[in-house]
Amino acid sequence: MNEWERERARFLEDCEHAVSISQENLRRLMEDNKDTAYGRRYGFAAVRDAEDYRRQVPLSDYPDYEEAIARMMQGEEQALTSYEVKHYIMTSGSTGRQKRIPLTREALGRCISPIYYAAYSDVPGIGEGKYLHLSVFRMEPPAPERDTILSAAYFRELYDRGGFRLEERYLGGTGLLFSKGVGEVPYVKLRIALSSPEMAGIQAFFLYDILLFLRYFEENWRRVLDDITYRRIPDEAPLSDSVRRALLELPVPEEGWFARVERECGIGFEGILGRLWPRMKFVSGVGGSTFAAQEPMLRSYLGEVPVHYFTYAASECMIGITIRTESRENVLMPRSGFYEFIPYEKEGDERPRTIEELEAGEYYEIVVTNFSGLYRYRLGDVVKVTGFCGQAPVFQVCFRKNQAINIAGEKMDLETVSRAVELLAQDRGVHVLEYSVYDEKSLLPGRYQCFVETDGPFDRAGAGGCLDRILMGLNEDYKDLRGLGLIGEAAVCRVEAGTHPECRRRFLAGQSQLKPLQYLTDRRLIAFMKERIC
């Protein structure tokens, strides 16, 4: 049994005893943190079980911690947690302004191994070959980092522990995985890929990042291949001297490889990943239902290469992992925290459940108590429980409570919108690279306005009506309100290629993670989209 299989077996054993592990997590958290300022305020010392905990400790959100976290960052100890803080995670800002979340050594120790072993252990030959990771973690040891992102913190931990052998597992080495000198990440990553005929997998934090990388590959392969062939790096490329040296030190493939790249890319990019890299085992990243509209375009590049949806992670906690390739279902990680689940939109039945009280087929809002100083914290994510792995719930992440379009009471979640755009693209015979939508309330009645970027010409005639019919088929409330004339017919416009990336660069450059723009609320972003309508 190799290390991957051993860790998978340990994880599945935890799942068999998830209820008792959950109870022990709560007991440990109360005991260890009873003397913190937060623990004294809410009487952690008197908490004996989940009922006590619910009675004494209120549900919370980020503003309840903001002042204490600011004091912690100034050096105060025992404000929220007794555990050593190793990083302060900067959230993506996808639900509003960015937040800083502490991440402790204790939390890292509880998550680091299952994520990278149990999650992938069903992939045949997982211990063989090298992978390309599309992130560059801008961290330099040994100082603790502030304002980093979750994936960087976990890879930093792998680096510090030395047990994951990053040099052996990742193409380009740690010099190109951890660097503050990479100013043009797609160029660096494509150069690594085109220097590596042996590439066996691609990982990213989001599947969306892989789609953007493959689009960049399609548009820039010849230029980058020439740079490799002639051992040059453009003077204008924003790369440090150390990064330039590392790129020039990459192994130069045999001449036949360059001919293969020319031939396969010249044929076209349908299925290019499997055609060009026959050892490719998988691509991996966080996807989910809100990525549905873009996934057909990603699949067009992959050919037979499978997708691993990897994990369900938030800056506040590492919550679940997928343990089967091509499955979107996550298994709760029993040791990562204490979890409660509030029934979603069940009037008069909002008592939080613990994991042994969950029912398959039901929707719940997740409440997390983590090992980094957040207690009964409302993530805002709604999940559907689909079954159980032992005692651990298996679930799909559906949508965020505070990210729904609501013109007249229809409460249209982004999962449904993404599915509707996917079906619209099928009807029009195109792939959607990116899309965004907003509720145009300046009109009476208000309507849904959708902006799309596609891989080819887009027939706008009748597109709004088509999207409208699809939305009515997916959301009964929308259908009823359309019939009453309280919502107008949807509108669809194609925007110029590169509009969404340019919008992120122009208006969201300060964010540490750039997720897809899907629901627009900022007037500046809406105005920019309108300026770029084809």
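Is Glu326 buried, partly exposed or exposed? Glu326 is partly exposed, because its relative accessibility is 33%; buried means under 20% relative accessible area, exposed over 50%, and partly exposed in between, with a 1.4 Å probe and protein chains only.

## Basis of the model

This is a predicted model, in which local features need pLDDT of at least 70, side-chain atom pairs count only at pLDDT 80 or more, and totals for chains, interfaces and linings use all residues. Residues are numbered from 1 along each chain as its sequence is written, and side-chain values use heavy atoms, with hydrogens and water left out.

## Salt bridges

Side chains of opposite charge can pair when their charged atoms come close. A salt bridge here is a side-chain nitrogen of Lys or Arg within 4 Å of a carboxyl oxygen of Asp or Glu. Searching the whole structure gives 34 salt bridges.

One of them links Glu7 and Arg10, with the closest N and O atoms 3.0 Å apart. Both residues belong to helix α1 (residues 3–16) and are three residues apart, about one turn of the helix. Helices (H or I, at least four residues) and strands (E, at least two) are DSSP runs, numbered from the N terminus. Glu7 is buried at 9% relative accessibility, whereas Arg10 is partly exposed at 46%.

## Pairs elsewhere in the chain

Arg105 and Glu84 form another salt bridge, their closest N and O atoms being 2.9 Å apart. Arg105 is in helix α6 (residues 105–116) and Glu84 in the loop between α5 (66–73) and β1 (85–90), so this pair ties together parts that are 21 residues apart in sequence. Arg105 has a relative accessible area of 39% and is therefore partly exposed; Glu84, at 48%, also counts as partly exposed.

In the salt bridge between Arg447 and Glu440, the closest N and O atoms are 2.8 Å apart. Arg447 is partly exposed at 24%, while Glu440 is buried at 8%.

## Backbone features

Most residues other than glycine have a negative phi, and most peptide bonds are trans. The peptide bond between Leu444 and Pro445 is cis, with omega about -5°. Pro445 sits in the loop between β17 (432–440) and β18 (447–454).

Phe310, which is not a glycine, has a positive phi near 70°. Phe310 lies in the loop between β7 (307–308) and β8 (311–314) and is buried, with a relative accessible area of 5%. Glu326 also is not a glycine and has a positive phi of about 70°; Glu326 is in the loop between β9 (317–321) and β10 (330–332).
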